[in-house]
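This report describes selected features of one protein model. Please keep the sequence and the structure in view while reading.

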Amino acid sequence: MSIELKNVSKSYQKKLIFEDVNLQINRGTFVMLRGLSGAGKTTLLNIIGGIDRPSSGEILIDEQNVAKLHGKVRTEFFRKKVGFIFQGFYLQPQLTVAENIELAGVFANIPPSKRHERVEELAKQLGITEVINGLPAGISGGQAERVCVAQALFMEPEVILADEPTNNLDSQSIQKVLEVLRDVQQIGVTVIIASHDERIERYAEQIINVADGKVWVA
C-alpha cells in the first residue's frame, strides 16, 4: 500500500508542528521516522494512520485521499488497512493476553476458531505462547510489548505503524520485536516506526527526519 503526503501541515492551538510535508512511502518499505521527543513524530504517525487529521494538505493511501473519508467508511478503511503499536501498553486488564490479541477479530465478527488459530500463530512467532492464558498484570514489559505487536498484526494489515516500540525493553526483546517487524515487512507489509532509537536505523530502508517543524528524507 503506497502512502503519499502532499503539502501536509499540522498546528495545535496556533502552534505549528510541521508544514508543507511532501513524502512518498512505497509499499513494503521499512521506514523510520527519526527525531527527538516532542519533534512531531507521533503526530505524523497518527495523521498517516487516520487517528489525527492534517490542518491542510492531502494524505493519499493507494491514491485515495483519506482525509476526505468520514464515519464508518473511514473507520473500516483504517481497521482493515492499518495496525497500530502504540507507545505504552494499551491492554485491557480484565482480559487474558489471548483475548487482548484477538479483540479486533471480535469486532470484525471473525469466528472464534479462526481467532484462536491466529492468536496461537502470532504467539508462537513472537515467543509469548506461555503467557497467552494469563492476565496483562502478570507479564513483563517486554512480553507486553510483544502482545501489542501481536494485536497490531492480528488483522493482517497492509501497514504497521509503531510509536517508540523499543522504549523500556531489554536488548533481547528489542531484537525480537524488530525481527518480527522485519519479517512482516519482507512479505509486503509497510512498516513505519517513530523512534529516536539508533538501533532501528540498521533495519530501515528509508529514514525520515522530523525536526524544527520540517520533515525530510535523510
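## Salt bridges and the basis of the model

The structure contains 11 salt bridges, a salt bridge being a side-chain nitrogen of Lys or Arg within 4 Å of a carboxyl oxygen of Asp or Glu. The model is predicted: local features need pLDDT of at least 70, side-chain atom pairs count only at pLDDT 80 or more, and totals for chains, interfaces and linings use all residues. Residues are numbered from 1 along each chain as its sequence is written, and side-chain values use heavy atoms, with hydrogens and water left out.

## Asp52 and Lys10

One of the salt bridges joins Asp52 to Lys10, with the closest N and O atoms 3.2 Å apart. Asp52 lies in the loop between helix H1 (41-48) and strand E4 (56-61), whereas Lys10 belongs to strand E1 (residues 3-12), so the pair ties together parts that are 42 residues apart in sequence. Helices (H or I, at least four residues) and strands (E, at least two) are DSSP runs, numbered from the N terminus.

Are these two partners buried or exposed? Asp52 is buried, with a relative accessible area of 17%, and Lys10 is buried as well, at 8% relative accessibility. Here, buried means under 20% relative accessible area, exposed over 50%, and partly exposed in between (1.4 Å probe, protein chains only).

Strand E1 takes part in an open sheet of four strands, which has the order E2-E1-E4-E5 and antiparallel pairing. E2 and strand E5 (64-65) stand at the edges, each with a single partner strand, so one side of each is left without a neighbour in the sheet. Two strands pair if DSSP finds at least two bridges between them.

E1 and E2 pair in the antiparallel sense over seven bridges. Within strand E2, Phe18 is the residue that stands opposite Lys10.

How many cavities of 30 Å³ or more does the model have? The count comes to one, and the volume of the largest cavity is about 30 Å³. On a 1 Å grid over the protein atoms alone, a cavity is a set of points where a 1.4 Å probe fits but cannot get out; lining residues have an atom within 4 Å of a point. Grid points are joined across faces, edges and corners, and a volume is the space filled by probe spheres set on the points.

Asp52 is among the residues that line the largest cavity, which also include Ile47, Arg53, Pro54 and Arg74. By class, the lining has five nonpolar, one polar and three charged residues. Ala, Val, Leu, Ile, Met, Phe, Trp, Tyr, Cys and Pro count as nonpolar, Asp, Glu, Lys and Arg as charged, and the others, Gly among them, as polar.

## Further salt bridges

Glu158 forms a salt bridge with Arg27, the closest N and O atoms lying 3.6 Å apart. This pair links distant parts of the chain, 131 residues apart: Glu158 is in the loop between helix H6 (141-153) and strand E7 (159-163), and Arg27 is in the loop between strand E2 (15-25) and strand E3 (30-34). Glu158 is partly exposed, at 25% relative accessibility. A network of salt bridges links Arg27, Asp62, Lys81 and Glu158.

Glu121 and Arg118 also form a salt bridge, with their closest N and O atoms 3.2 Å apart. Both residues lie in helix H5 (residues 112-126), three residues apart, about one turn of the helix. Glu121 is partly exposed, with a relative accessible area of 45%, whereas Arg118 is buried at 14%.

Definitions and conventions: On a 1 Å grid over the protein atoms alone, a cavity is a set of points where a 1.4 Å probe fits but cannot get out, and a pocket is an open set with protein on both sides within 12 Å along at least five of seven lines; lining residues have an atom within 4 Å of a point.
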